[in-house]
Amino acid sequence: MTSNYNNIPYVDQRQEVINWLLENGYPVLPVAPAQDASKYPQLKKNTKEIELDKHGKPQPIFTGKNPSYLDKDGKPHLINHSKYQNELPTDKELEEWFVHPDNGIGTLGGWNNTIWLDFDTKNFDSLEDCERAIESYLEDYPQLQETFTERTHSGGYRLGVKVKQLPNFTNFSLKPGGHHIGEALREGRFTVLAPTVGTSGNAYCNIKRVPLIEVEYLESIGIYSTKKKKEEKIKIKKETTRAPQQVNTSTIRLELLGSETSKSVLEGNAATEDRSEALTTAIREWLGWENWCNEQGINYSGTTEKLAQEAGKKLGIDSDKIQRILDSVDPNDCHPALLFMADESECWLKIRNLDKNVYEQSCPDHIKQDKPNSHTNYESVMNELERILQIEDPGLQKWELEQLSRQTKIKPSKLLEIYEAKLTGSQSFAPKDVHEFLASSSDEREWVIAAHISVATTVLLFADGGVGKTLLAYDICKAVATGQAWNGYRTKQGQVLIIQTDEPEIDTTERLNIAGFKDIPRGVINIETNWQFSQIRQLRQWIERERPLFVVIDSLTSANRNSGVEEKDTSYGAVLYDLRDIANEYKCSIMVLHHENKAGGTRGTTAICDNVSEVWRLHKGEAKDNLSTTQRVLEIGKSRSGCTGKSLINLDTDDYSWKHQGNFGEPENVSKSLKEKLLGFLEDQPGIEYTADQLATEFKSNRETVRRNLEKLRQKGQIDRKDKKADTNGGKQQVCVYFAPHLRISVEPCLEMQL
């Protein structure tokens, strides 16, 4: 086919299309050229994090295919095209949208019962196959040679038709039961038109810009749903394999049949960073239950399409993309997750829990008869699982857990989840009076490192590879082991445990030797190189016996590699809750090292950050920061102890120690705050005591302001306070004094340190 385009300027061609669309009653929408994803990335609706593709690269928000425009200054803007599904743009909007000469043009399906048939080259083996198929198709249906026709930038074709009976499908084939050829773009779907320049660099090309022909329905012009095969298959199966059933008028809501994951997606929560993947998983689950219910003759209410639209909107996915995701799923390959996790009896058990009458009327007798005494079975399985979890050999433990999984037909992860629920349910519920609770708990926060790491907390330290997170963790370990100040911050001395499963032992040995660990007395630092999170009970037992003050786990990934759970799964971060409980119970602080993703966040599920109290990020800064090769930015973004901020630190390559070089990002020559002046004054005179009145006089400030700043320093562990009797004009009186102690403080130091 040959284009009837004249050699006229692009803007004039575009105006011709605008005029034609307006004359024929179609909405006119602009299309901005694709923009650099690193500059304009797609952001997740809930977290505002950058959305990444499967290769870890940012997804673009301006794709060159979505409704958008460049303003007169060349700045791109998105358009919410759902507004124009029911109303046409105003003249003012059109003027604003098409002021920039590079903007393309498009319209929406559904208007005037219009369907845009998109024949995409990606659905053919080659461009030549696509052209041959279109030529053959138009020979079979010659009336289509007189309708609106365009060539897409990639070489495909787009035909416009009006239908009297609107279709209920999008993906189509050219024969019943055929493979996917293209998409029927209907209501709410956006289509790009000539003369727009596509992402390939080629322009869309008009072949015929004429009024659209009208047909009765799409099947009358050889356009068939790819879902038809599924419908016929279900019909045949129901007719040939089902015995006559008692009439059952009860219906079960489809969303209640879905798994917990699909229910979570329906509430707008994605268990992974990829919202599209989460929605796809839920769609497959709902379609699976539709298939199963149809095969079993069970009535249900709701449809996958409606649930997908509802879930997609809550996830922040636009309607076009929701439909594309729906179209990408083959219903014939979908089954309920329970069929993979266990067997059909579990599906029937779910039906029984939702509607006992449906279960009694429809469930096959052999499944009812095979149902064991659930309570007895539950207790025996839990007892066996408890025995398995006491096995110290991780390999044997996993082996026996797999054997139990085969016997029960329940996945190992689900067995562990059930066991944890059992333990939680067996705990007593005995609320305390608030006064009793306060009397039994300390009202003073203790610190391992003042203003950085409090006692009984969990810290996630993440960074890109090679930035130095392990060396930073070692430096903190050394400070805690010796009780020496870390970068000028008071450090509590105590026993240290390093779990190092991320690097070869030769590297660990070299680093610890350079850092001077061989000079630390025996019995203060212990190191383990073979631990896994499956051995959490052994870790708890060791901590209960040895009572370390500080524990480092390097890294989350390497110590969790045998779990069988992917980083993107929410359950991957659940192990951090176990560490939180251990830290709280035994008053030790635990730092876990993790890796950074391409967007500068933590790799894997967001539950990793959610399940710890403090989140530290170590990075090299931006190019504009002009940092040296040994300088790093330590950014504390989340802190339940109130220690957020950014610091500039520098690595001393001679001994692998880190030196604090001030707050990062502050302008030079900024005068110190009153709090900083007070801290400096007291630290210059360790052990010298001052009242708030004396310090207010010294700094010519209000007494209450001075007192509040002193309390903030005390709460961060940077200074101390005590009450004492002092001589005043009124005689001996009780006064409150503040002072900076010597930076090294000890807690039960070992004998060698006392010498």
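The side chains of R708 and E704 form a salt bridge with an N to O distance of 3.9 Å, a salt bridge being a side-chain nitrogen of Lys or Arg within 4 Å of a carboxyl oxygen of Asp or Glu. This is a predicted model, in which local features need pLDDT of at least 70 and side-chain atom pairs count only at pLDDT 80 or more, while totals for chains, interfaces and linings use all residues. Residues are numbered from 1 along each chain as its sequence is written, and side-chain values use heavy atoms, with hydrogens and water left out.

R708 and E704 are 4 residues apart in helix α25 (residues 703-715), about one helical turn. Helices are DSSP runs (H or I, at least four residues) and strands likewise (E, at least two), numbered from the N terminus. E384 and R387 lie 3 residues apart in helix α14 (residues 374-389), again about one turn. An α-helix has 3.6 residues a turn, so residues three or four places apart point the same way.

R617 also forms a salt bridge with E596. R617 belongs to strand β24 (residues 614-619) and E596 to the loop between β23 (589-595) and α22 (607-610), so the pair ties together parts 21 residues apart in sequence. E596 is buried at 14% relative accessibility, whereas R617 is partly exposed at 21%; buried means under 20% relative accessible area, exposed over 50%, and partly exposed in between (1.4 Å probe, protein chains only).

| Salt bridge | Closest N and O atoms |
|---|---|
| E384 and R387 | 2.7 Å |
| R617 and E596 | 3.0 Å |

The structure holds 31 salt bridges, and a network of them links E51, R275 and K321.
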